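Biologist: I would like to learn how to read a few features from a structure. Please take them in turn.

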Amino acid sequence: MNGGKNFNWLGWLVFAGLLLLWEYGAQSNPKLQFYIPPVSQIFGALGQLLASGHVAAHLLSTLGRFLGGYLMAALLAVSLGILLGYFRFAYSLVETLIEFLRPMPSVAIIPVAVLTLGIGDAMIVAVTVYASLWPMLVNTIDGVRHIEPTLIDTARTFGLRRRTILWQIVLPAASPYIVTGLRISLSIALILVTTAEMIAGSRGLGFFILDQERSFNSGNMYAGVMVVAALGYALNRLFLLVEEQAMRWRHGMIARATV
């Protein structure tokens, strides 16, 4: 990953071309404009929403819930994943539970969360934690279990404490797997936040999109969808930039090893 150093002009040209085709198709078929409005109309609605500050309030609600759920899941999954990957007996105790819950569609937990936590931020954050936890947890466990045993044996030979081994050897060695899990969970967390807002929210981008659809305001609805898409894109690019800085030491090791 280059973290966005090189701007993908070709990709953006293709994207712009698809938007132009959308505009032309919608303009040439007025009967479909209620269902698929022209891009110019969507951007016009988006400009009005941004100017009024109406969509910004929903964006902040979604972003706050996303960050709360995602960061909480990351802390829990990485900590638990390192322990389960390092202590094989502990993993054997919970392996069946993990493999039973992990494949279940995360949206299925929303009714349970509504029933137990009610409608509100706590419910949305809880389902976000649940959904985004699994890729982080599984990747962290795999990363720890793929560490060369000689590294840990050597550390023990030098008399390093278990806490030191976990912090200074296990965590850095498993970091590529952990980063992969974190990136996968990024989009999952955003999906669950907006989905939960659609089902049982009173604010947020998911609620806004569904509310505009129910009001037959397709322009605002598509504008809300574009805001969610832009938010997902921005979060992914930001993650790549942070990853590039955080993993610079590893990239340097790989570069030196290939010389």
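Biologist: How many residues apart in helix 3 (residues 54-86) are Phe66 and Tyr70, and what separation in helical turns is that?

Modeller: This is a predicted model. Phe66 and Tyr70 both lie in helix 3, 4 residues apart, so about one helical turn separates them.

Biologist: How is a pair of aromatic rings described?

Modeller: A pair of aromatic rings is described by two values, the distance of the centres and the angle of the planes. There are 8 aromatic pairs in the structure. One of them joins Trp12 and Phe15, with 5.6 Å centre to centre and 90° between the planes, and this pair is edge-to-face. Trp12 and Phe15 are 3 residues apart in helix 1, so they too are separated by about one helical turn. Phe66 and Tyr70 form a stacked pair, at 5.5 Å centre to centre and 10° between the planes.

Biologist: Are Phe66 and Tyr70 buried or exposed?

Modeller: Burial is read from relative accessible area, and under 20% counts as buried. Phe66 and Tyr70 are both buried. Trp12 is partly exposed because its relative accessibility is 36%. Phe15 is partly exposed because its relative accessible area is 44%.

Biologist: Which residues do ring pairs link into a cluster with Trp12?

Modeller: Ring pairs link Trp12 with Phe15 and Tyr233 in a cluster.

Biologist: Which residues make the nonpolar surface patch?

Modeller: A residue can join a patch only with over 30% relative accessible area. Phe15, at 44% relative accessibility, therefore passes that cut-off. Here the patch covers about 610 Å² and is made by Phe7, Trp9, Trp12, Phe15 and Tyr233. Helix 1 (residues 9-28) gives the largest share of the patch, with 3 residues.

Biologist: Where is Thr116 placed, and in which helix?

Modeller: Thr116 belongs to helix 5 (residues 110-117). Exposed means over 50% relative accessible area, and Thr116 counts as exposed because its value is 57%.

Biologist: What lies 2.8 Å from a polar side-chain atom of Thr116?

Modeller: That is the backbone oxygen of Val112.

Biologist: How far apart are Thr116 and Ser92 in sequence and in space?

Modeller: Thr116 and Ser92 are separated by 24 residues in sequence. In space, their C-alpha atoms are 29 Å apart.

Methods: Residues are numbered from 1 along each chain as its sequence is written. This is a predicted model: local features need pLDDT of at least 70, side-chain atom pairs count only at pLDDT 80 or more; totals for chains, interfaces and linings use all residues. Side-chain values use heavy atoms; hydrogens and water are left out. Patches are made of residues with over 30% relative accessible area and no salt bridge: like charges are joined within 9 Å, nonpolar side chains (Val, Leu, Ile, Met, Phe, Trp, Tyr) within 5 Å. Accessible areas come from the Shrake-Rupley method with a 1.4 Å probe; for residues, only the protein chains shown count as cover. A salt bridge is a side-chain nitrogen of Lys or Arg within 4 Å of a carboxyl oxygen of Asp or Glu. Helices (H or I, at least four residues) and strands (E, at least two) are DSSP runs, numbered from the N terminus. Buried means under 20% relative accessible area, exposed over 50%, partly exposed in between (1.4 Å probe, protein chains only). A polar contact is a pair of N or O atoms within 3.5 Å; within protein, one must be able to donate a hydrogen and the other to accept it, and residues adjacent in sequence count only if both atoms are side-chain atoms. Rings of Phe, Tyr and Trp (its six-membered ring) pair if their centres lie within 6.5 Å; planes under 30 degrees apart count as stacked, over 60 as edge-to-face and the rest as tilted.
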